[in-house]
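This report describes selected local features of one protein chain.

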Amino acid sequence: MVRQARRSFFCSPRLGAAFLALLVIGLAPCLANAQRIVIEGDRRPLAQALSDVGTQANVDVVFAQRLVADLYTNCRYRGSDVASAFRCLLAGTRLEARSTGPAQYVLVRASAPKRRLGIFGTVMDRETTQPLPGANVLVIDRGLGAASNRTGFFAFPTMPEGPHRIRITFLGYATLDTFVVAGDRVHRFELKPRALESAGLLVESTEIRPGDQTPLPGMLTPPIARLERLPASLGGQDLLEALTWTPGIRRAGEVSGGLLIRGAGPDQNLYLLDGAPVYHPWHAFSLISTFQTETFRSVRVYRGAYPAEFGGRLSAVLDAELTDGSGLQPRVQAALNTHSARFLIEAPLSSRASFMFGGRRSYIDRIIGKSHPVSDDSGRRDTLRTGYFFYDWTAKLVFRPDDRSRLSIMSYRGRDDLDLRLPFDLSLDLSSWLRPTDLLFEVREFWRNRVVSTRYERLLSERWYLTATAHDSRYQAEESAFLQPSSSSSVQSSYNVDIRDTGLRIDLDYFHSARNRMRMGVLAVGRDFESDVDAVVNYNPSLTERLKEASNSRAVELTAYVQSTWLATERLEVRSGLRAAAFGSDRLARLEPRLSVQWSADPQLLVMRASFTRSYQYLHRIRDRHSVLYDLVSSRWIPASNSTPPVRGTEIALDVESRPQDWTLRASTYYREQVHVLLPRDAFQSKNELAGPGIEVGTLLGQYESGTARAGGVEAGGTYQKGAVLATLGLAIERSVTSGPSDGDRFIPARYDVPVTTRGYIERRGQTWSYGLGLLARSGYPITVPEARYAVAGPVDDEPTTYLFRPTAHNGRLPLYWRLDVNASRSFVLFAAQWRAQLQLYNALGHRNVIDRFFEPDGNSVHVTQRRGLPILPLFELRVDL
């Protein structure tokens with residue numbers, strides 16, 4: 001019935017005609033607009049084209065003749081949309097057609113887009129045009145603050161119109177107060193170094209600046225000028241050695257070994273050189289680092305608590321940026337010290353380009369010689385070798401196409417080379433070395449780093465800042481040896497390690513507002529691990545053993561992160577972040593949350609910080625614990641896998657800082673726990689075999705077991721700097737322990753556990769003479785002390801064999817280690833150049849510290865051999881600046 005009623009309604013002639021008439025009247029405007037519009041643009045006068053569109057579309061177009069006078073259009077359009085037709089006609093004219101009613105349009109001037117007002121700028125050094133990262137920028141009238149990024153850029157978006165008073169400060173530079181009008185322009189601010197050259201003194205600003213205060217617990221941003229004043233143990237300029245004056249950072253050995261930061265191992269530190277990782281940043285068997293202090297523009301050290309943009313290591317991240325090179329005038333520096341000579345050249349190439357080039361080489365091989373022809377009374381001749389040298393060079397090119405972009409290319413090369421051929425039965429009489437012999441040993445080793453980094457930075461808009469970094473880092477090592485301990489036996493081996501790390505990183509900074517900014521990015525890294533060994537052991541003419549193996553692996557890491565910095569109030573700043581990484585064949589993305597809070601009760605007297613960090617390390621560094629033919633100098637990096645999970649670390653930290661007048665005081669406490677740490681399965685295994693079990697990954701991993709490591713402590717330090725006086729003092733009280741199945745799941749002291757460490761340095765630098773005094777004192781390292789001895793004799797043995805009983809590893813400790821270093825230097829002008837001569841006495845009091853102990857059974861007793869540290873060493877350096 002309903003369907004029939006509907007059919008009757010539409011079929012009724014009268015009602016149908018009435019409905020059709022109403023429909024036509026209602027749709028009349030739409031039907032008018034739906035007419036076909038055709039525009040054939042061929043430089044037609046705009047007024048005529050507008051009239052033609054109005055006629056074709058049956059609409060009224062109202063406009064003033066002065067708006068369209070002398071305007072033409074090349075628009076070509078076919079369609080039925082009136083608005084689209086008008087947009088085509090008016091493109092590029094700064095005019096727009098506005099609808100004022102049905103079938104009526106008015107031509108008016110287009111309103112200018114609303115500008116986004118803000119304060120944007122780059123902070124530079126006035127004398128060198130180098131960017132100043134970490135400069136503090138304050139908007140006085142708004143109570144806002146921010147720190148410049150690694151290229152000196154800062155941003156305060158969404159600012160009110162009109163001028164604003166800003167203050168820019170940076171340690172060692174004069175404060176800049178000025179007024180800036182909010183807009184979209186990127187300003188350039190140049191700070192002048194605060195130095196009194198007439199008095200020969202370096203005067204650094206003592207005014208407190210929140211930007212100089214590090215926002216994360218344990219984070220360090222030491223000025224390069226201050227690091228250059230801190231002496232290195234073996235003289236010269238050494239960035240990593242200078243950092244050891246900070247509480248919680250020390251060397252693994254007396255003057256050698258990697259950096260130990262907050263109780264963790266040296267393999268848990270990430271070293272970045274212009275964004276590229278460096279796997280082995282050491283020369284001369286880890287005596288000297290590859291980082292020369294004067295080649296750097298800025299250094300940031302994150303101890304445990306680091307933002308989400310960093311990962312892959314558990315202990316610390318050292319983010320170092322090389323200097324861009326002087327942008328105003330050439331600068332040359334050269335130096336000669338006890339172990340090497342170095343140089344540094346900086347110069348501008350144009351108003352927008354500059355470069356830096358530096359190099360260093362040891363010269364001991366030039367003094368004692370590499371080859372030594374020898375002969376004896378019988379006429380036998382031979383050539384002995386005592387060659388060792390290291391070198392490195394660094395180059396960087398920077399180009400700034402405009403004020404909004406920057407391109408830099410960095411290259412680093414470094415190599416150590418050891419070549420020895422000496423008699424097997426060496427003695428302390430050096431004259432006995434240079435003689436022909438049938439029993440000898442030969443060692444040929446080298447290790448090197450090759451690093452290339454390219455970085456492009458661009459201010460995309462007032463809110464977005466882009467940083468793109470590509471890197472290629474390679475570490476290679478070779479250990480070759482030939483030993484002939486007797487006339488009928490010999491050993492020959494060749495061992496190689498090759499690691500290559502290639503990656504691309506994209507970072508984006510988003511300045512949401514003056515109080516909230518974000519940083520996000522992605523990282524893709526491919527790593528190749530290769531190693532091989534070929535060893536032949538001839539026990540006698542009829543018995544030979546050969547070991548020939550190769551191991552290759554590859555791992556890809558994909559990472560994404562996002563982090564936010566929120567200035568909740570003028571006193572409270574919150575930084576939160578999340579990092580997700582997928583490594584190797586494991587498709588599971590592991591999440592790493594980061595959170596830190598900074599509260600400024602008083603910007604000068606009390607700043608408190610707290611942080612929580614979860615991180616993963618996907619690379620394990622291990623070495624063979626049996627053979628003397630490989631893994632002597634180098635070590636192996638093993639990627640994590642399903643059978644060998646990554647190490648997971650969790651750390652919480654608290655930090656308090658105060659800067660009363662000329663002092664900077666800081667105290668920190670932390671607790672860290674790591675799981676899936678690889679620990680030696682047999683802590684008493686001696687590296688005294690020849691061929692060993694081999695280098696396959698499974699074989700090496702069989703020498704280790706998964707365990708847990710914990711560390712915690714308190715660090716306190718203070719720095720005083722006023723005029724010519726610099727003083728620093730640090731104290732660290734910490735414990736680090738490990739636990740594994742072989743320990744019965746009991747926690748024992750870790751290998752590098754040092755309960756107490758204190759270190760201080762004071763220097764007075766005058767116009768001509770400077771004097772410095774440094775003191776280091778720390779607890780001794782853990783050692784394993786035998787608790788009993790027992791003898792075992794077989795039925796055919798003439799004498800029983802005595803063994804030492806060691807129930808627990810690291811159950812003893814070496815004596816207190818301490819030493820006093822002094823230095824003096826004189827500055828003078830010669831041949832229109834600035835010279836500086838320095839003399840340093842390492843271990844000035846000649847205290848021979850005990851750095852190791854060995855226990856051997858000796859009949860009915862135990863023979864103890866003590867290995868002592870270096871005696872007093874005179875060191876020198878002569879430096880010239882042109």
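The sections below take these topics in turn.

## Basis of the values

The model is predicted: local features need pLDDT of at least 70, side-chain atom pairs count only at pLDDT 80 or more, and totals for chains, interfaces and linings use all residues. Residues are numbered from 1 along each chain as its sequence is written, and side-chain values use heavy atoms, leaving out hydrogens and water.

Helices (H or I, at least four residues) and strands (E, at least two) are DSSP runs, numbered from the N terminus.

Beyond residues up to four places away in sequence, Leu 240 touches Leu 259, Tyr 271, Pro 281, Trp 282, Ser 289, Phe 291 and Leu 318. Contact means heavy atoms within 4.5 Å.

## Surface patch

Tyr 539, Leu 543, Val 628, Leu 632 and Leu 690 make a nonpolar surface patch of about 390 Å². Patches are made of residues with over 30% relative accessible area and no salt bridge, with like charges joined within 9 Å and nonpolar side chains (Val, Leu, Ile, Met, Phe, Trp, Tyr) within 5 Å. A salt bridge is a side-chain nitrogen of Lys or Arg within 4 Å of a carboxyl oxygen of Asp or Glu. Leu 690 sits in the loop between β42 (663-680) and α10 (697-701) and is partly exposed at 31% relative accessible area.

## Positive phi angles

Most residues other than glycine have a negative phi. Asn 58 has a positive phi near 60 degrees; Asn 58 lies in the loop between α4 (46-57) and β3 (60-62). For Phe 285, phi is positive and near 55 degrees, and its place is the loop between β21 (282-283) and β22 (288-289).

## Ser 489

Ser 489 belongs to strand β33 (residues 489-511) and is buried, at 13% relative accessibility. Its side chain makes a polar contact of 2.5 Å with the side chain of Ser 486. A polar contact is a pair of N or O atoms within 3.5 Å; within protein, one must be able to donate a hydrogen and the other to accept it, and residues adjacent in sequence count only if both atoms are side-chain atoms. Outside four places in sequence, Ser 489 contacts Leu 483, Gln 484, Asn 538 and Tyr 539.

Terms used. Accessible areas come from the Shrake-Rupley method with a 1.4 Å probe; for residues, only the protein chains shown count as cover. Buried means under 20% relative accessible area, exposed over 50%, partly exposed in between (1.4 Å probe, protein chains only).
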